[in-house]
Amino acid sequence: MVSGHLFHCRKNSWPPEEYVARTALQLLDLDGGSPPEQAWRRRLNSHANILKEFSVTFMEAMKMMTLGVRLWSYVREEASYGRKAPIDPFTRERCKPSASQGVPLGGMGSGSISRGFRGEFKNWHIIPGLCENSPVMENQFSIFVTRDGGNKKYSSVLAPGHHEGLKNYSDSGISSWDWNLSGQHSTYHALFPRAWTVYDGEPDPDLKISCRQISPFIPHDYKDSSLPTSVFVYTLVNTGRDRAKVSLLMTWANSIGGFSHHSGGHFNEPFIGDDGVSGVLLHHKTAKDNPPVTFAIAACETQNVSVTVLPVFGLSGERHVSAKEMWGTMSKDGHFSRENFNAGSSMPSCSGETLCAAVTASTWVEPHGRCTVAFALAWSSPRVKFQKGCTYNRRYTEFYGTSERSSINLVHDALTKYRLWEEEIEKWQDPILKDDKLPEWYKFTLFNELYFLVAGGTVWTDGQPPAIEGKSSPACNQQKHSKKGAKSESVKDNHVKPDAEQVSTGDDLPNCEERSVSMYAAVHGSHMPEQTNGLQEPIPYLISKDGPENVGKFLYLEGVEYIMWNTYDVHFYASFALLDLFPKIELSIQRDFADAVLYEDRRRVKFLADGTSGIRKVKGAVPHDLGTHDPWHEMNAYNIHDTSKWKDLNPKFVLQVYRDFAATGDMAFGRDVWPAVCAAMDYMDQFDRDGDGMIENDGFPDQTYDAWTVRGISAYCGCLWLAALQAAATMAHRLGDRPYAEKYKLKFIKARAVYEAKLWNGSYFNYDSGTSSNSLSIQADQLAGQWYAASSGLPPIFDEYKIRSALQKIFEFNVMKVKGGRMGAVNGMTPKGKVDETCMQSREIWTGVTYGVAANMLLHGMEHQGFITAEGIFLAGWSEDGYGYWFQTPEGWTTDGHYRSLIYMRPLAIWAMQWALSPPKAILEAPKVNLMDRIHVSTQAARAASEINVRKIAPDNTCIPSSTFQCEC
């Protein structure tokens, strides 16, 4: 916990009165119209500069030339099949990224739309793995004000008129609208999942306006947090002497971004719903046989607010009312005809034609009076289809059905429930926002980094098997075949779970190490069918168990530029957010990976780094990811290196499983995944070349730093391995598996001595035990294993003085020697205080790693160093003087601020800092007993361990050990 009043001396760097007049804030303080004091802020007239991408040096380019050629060939091959490669550094987006992002819309996993701080709707992520960055400029809110019997009129789009997107439109299109907002007196305030835009006298000097954007992201709410909907609540305050007729207009294009509105076949229709909710449905026919999408835009009619619609307008006016004519009607009348509700469905659009719709809400605001007007947006795409054929129902269909027309119910519920959502959001956020011991920047950055759980391409399914529609992938075909098999054997309900009475006695361990437990056998007590085309059946998705409550299956991308689902070495950092806020989702993800550990896919894959080939998924190895175009069925989309030889994935799996087990106290989860933990640990034996208990790296980038070579014992991987040994031993003890507890404790004792002898130099742990020029480098992430041990309530791996000494060294060198600590922690630093230039990753500052290092400092009583370290990410990425990475935090940046991979998963690790400050009850109140001390190691076992070398397991071994399940090969 943060002690004392360490940060009371810090200036409140974001006082709202510097952006909005205090009188305006007081006037808007009705029904949540006034933004909170703790929020990220920006003026609407702020320049959205183009972001600068990193570039490799000449020497780095030479080293990676062969990889580049192979990657280029692979990208072209995937494109020939109509697919996007998981990593494609060659294709550039049409819209260059700029510093214009804001809070995204909607809940998790149902497709997302982002909204920039100036009001533009952009970054359309409706189709999985495909993100259309360009804003759809027809999508706007506008206002029309009439005073003094019509003698005074004000009208404007509620977005700055200098937006670069306007230059693409003709005079009959949206460029004919009134873009009168300068943005000088308008400000944006962001506190995810809400945002406020305050118009302080723009365009009407006597009208204060607040637009509050609300999305249903509610921790521990597994229903509403899955809904694809958002609400926009306008608070209007009339400071003038006469009545004001105010009409608010919402316009929307029938588009999912890019050029999708030109494809044709789209149509709109008006609707009148219950409780005064009415609007327009926009039915969108997607390309490439993707499931359709239906938008609903709506407003809520009340005693003081009337709602009218224009179901269709176009840009040219050839077949429909033009955008210019629509604007003219609103300027003259302030509303549309009520007869429009009887218009029925429009004719489908032609190719090249853009269909739009409008909803307006009109009201009178008395002098010095106030009024609230609410709009809602929903997008219903009940099914999600991946490019290789499998289709799933999204999570929200559990509650709203699979009809696209459910968007009507979505906007209705959003408009009638948003106040309850806000109550829950405030109940969650207030304890942190009101904690005076925390820095101001940390409070809102903590919440705003959660944007990724919505905008990071998340997919949340209902947890049911994929639907078989038309053409299917091989995995889907195999599933279909397995259902129809005529000679399938019946499987008895003989689930086996390890408990104190059922665990192995240890007598069979030598034999079991030469046996195999298939995933199917482990779960169902029976054997898998024979392999078909190199792929084992049944597919992992079908046999995964989610425990007593099925919360569905959850996927999120490594990043919008690295299109791989649930990339596990990165989830290691990001998972604290899910575990803290949606623990059932986190356990579901870990169950998926536990199943995957015991699964093998022998289809051949070419690895691009060295040109060799191997099998797609090795049994016993934790997969790098769950796939790209056929997740769960075709894992390891990453094909730069053979990740079955990586040294960090298996320890990270064990560490995450133990942390989740300790934090939730879920014994059923622990028992279910224990066979996979044993298999993952025993798989690592092959990397202990000399039998000393410590794994060695193999002279290539065989870990998450996949361009940074490691030789011999690695500070990073070795520390992860030590922590995993301790976690596995403790978990075995808690589950009653005494032989394995003893086994892992013995290895831990041996390995720790080797690690410290080879790497500790008196102040930190060397990068590796090799003899290369960077072997003595100071790696910011060297204590990642200790970070997890402390986060899980495990005892320290090393003496406390060594931990603090290493962290202090990282702070003084990796943090403070890079622009005075205003950038974050650089990955590598030489002992002479120069940035390690070994490769592009050694010289980068990784945002998520910096947050993780800061969390480690907090866990070891170094609050000052921890917050200074993390503040560097805020200053460089989020502050007004930074590089403009708000709501698109990249994987990392160079010391001159050039980014690599925007909208990236790892920065969610800021929630590891909050975890360190407020540990979960199960860990905080656990008995302060070192369970490792309770694991008894017999004299005979200790002597045997010192005399017998550890047997190595070949990577393609078909036998995976288990201390729990008997297996037959």
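Here are a few friendly notes on this predicted model.

1. Let's start with the hairpin of β2 and β3. Strand β2 (residues 112–115) pairs with β3 in the antiparallel sense over three bridges, and Arg115 has Phe121 as its bridge partner in β3. Five residues lie between the strands, and Gly119 takes a positive phi near 110° in this hairpin. Five of the five residues of β3 (residues 121–125) are buried, so the strand is largely enclosed by the rest of the structure.

2. Phe58, Met59, Met62, Met65 and Val69 make a nonpolar patch of about 540 Å². Helices α2 (58–63) and α3 (65–80) each supply at least two of its residues, with the largest share, three residues, coming from α2. Val69 belongs to helix α3 and counts as exposed because its relative accessibility is 52%, where exposed means over 50%.

3. On to the rings: the structure holds 68 aromatic pairs. In one of them, the ring centres of Trp441 and Phe874 are 5.7 Å apart and the planes are at 25°, so the pair is stacked. This pair links distant parts of the chain, with Trp441 in helix α7 (residues 440–448) and Phe874 in helix α22 (residues 863–877), 433 residues apart. Trp441 counts as buried at 3% relative accessibility, and Phe874 counts as buried at 4%.

4. Tyr705 and Trp846 also form a stacked pair, 4.5 Å centre to centre with 10° between the planes. Both residues are buried.

5. Finally, two charges over rings: Arg659 lies over the face of Phe576, 4.5 Å from the ring centre, while the charged end of Lys743 sits over the ring of Tyr740, 4.7 Å from its centre.

Notes:
Residues are numbered from 1 along each chain as its sequence is written. This is a predicted model: local features need pLDDT of at least 70, side-chain atom pairs count only at pLDDT 80 or more; totals for chains, interfaces and linings use all residues. Side-chain values use heavy atoms; hydrogens and water are left out. Buried means under 20% relative accessible area, exposed over 50%, partly exposed in between (1.4 Å probe, protein chains only). Helices (H or I, at least four residues) and strands (E, at least two) are DSSP runs, numbered from the N terminus. Two strands pair if DSSP finds at least two bridges between them. Patches are made of residues with over 30% relative accessible area and no salt bridge: like charges are joined within 9 Å, nonpolar side chains (Val, Leu, Ile, Met, Phe, Trp, Tyr) within 5 Å. Accessible areas come from the Shrake-Rupley method with a 1.4 Å probe; for residues, only the protein chains shown count as cover. A salt bridge is a side-chain nitrogen of Lys or Arg within 4 Å of a carboxyl oxygen of Asp or Glu. Rings of Phe, Tyr and Trp (its six-membered ring) pair if their centres lie within 6.5 Å; planes under 30 degrees apart count as stacked, over 60 as edge-to-face and the rest as tilted. A charge sits over a ring if NZ of Lys or CZ of Arg is within 6 Å of the ring centre and within 35 degrees of the ring normal.
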